[in-house]
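Trainee: Could you show me how to read a pocket and a salt bridge in a model such as this one?

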Amino acid sequence: MRVTVNRKAHFNAAHRLYRKDWDDHKNEQVFGKCSNPHYHGHNYELIVSVTGEVDPETGFVMDLKKLKELIYQEVELPLDHKNLNTEVAEFRNLNPTAENIAIVIWNRMRRKISQDMDLSVTLYETPRNFVVYSGS
Ligand code: NI
């Protein structure tokens with residue numbers, strides 16, 4: 001029986017959405033307030049979901065303490081209270097949209113979670129706007 005276990009986490013980070021090859025007007029038109037040249041912050045809410053077989057010995061899909069620790073090492077430590085554009089290598093040449101942040105988090109977590117389990121990342125940029133990435 002395959003079950004999905006979920007762990008919620010939280011981080012604050014600053015970003016700016018823009019393309020260097022567009023002028024300020026075009027960036028403002030496309031990215032709105034998120035293109036503010038002085039950066040701004042979001043309170044990101046994250047749900048990491050892992051789907052796998054229930055281990056008959058433990059009754060666990062995966063130990064949630066271990067998942068908590070992985071999220072801390074792979075997401076909170078590198079992203080919390082950071083300027084995503086300037087301090088996080090993956091966003092040096094990648095717009096830190098919610099979509100791309102979810103992909104970066106998924107890639108970081110995927111390396112640490114057993115390949116026989118499915119992984120999905122849900123990222124809320126605001127209480128009403130969220131994205132889901134499951135690796136395809
Ligand atoms: Ni923004």
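Trainee: Which residues line the largest pocket?

Mentor: Rolling a probe the size of a water molecule over the atoms shows where empty space is left. Here the lining consists of Tyr18, Arg19, Lys20, Tyr39, Asn85, Thr86, Phe91, Arg92, Asn93, Leu94, Asn95 and Pro96. A pocket is an open set of points on a 1 Å grid over the protein atoms alone where a 1.4 Å probe fits, with protein on both sides within 12 Å along at least five of seven lines; lining residues have an atom within 4 Å of a point. The model is predicted: local features need pLDDT of at least 70, side-chain atom pairs pLDDT 80 or more, while totals for chains, interfaces and linings use all residues. Numbering starts from 1 along each chain as its sequence is written, and side-chain values use heavy atoms, without hydrogens and water.

Trainee: How many salt bridges are there?

Mentor: Side chains of opposite charge can pair when their charged atoms come close. The count is 5, given a side-chain nitrogen of Lys or Arg within 4 Å of a carboxyl oxygen of Asp or Glu. Among them, Arg2 pairs with Asp118, with 3.0 Å between the closest N and O atoms. Arg2 belongs to strand 1 and Asp118 to strand 4, so this pair ties together parts 116 residues apart in sequence; strands are DSSP E runs of at least two residues, numbered from the N terminus.

Trainee: Which partner does Arg19 have?

Mentor: Arg19, also one of the pocket-lining residues, bridges to Asp21 at 2.9 Å. Lys65 and Asp63 form another bridge, at 3.7 Å from N to O.

Definitions and conventions
Helix = DSSP H or I, 4+ residues; strand = E, 2+ residues; numbered from the N terminus.
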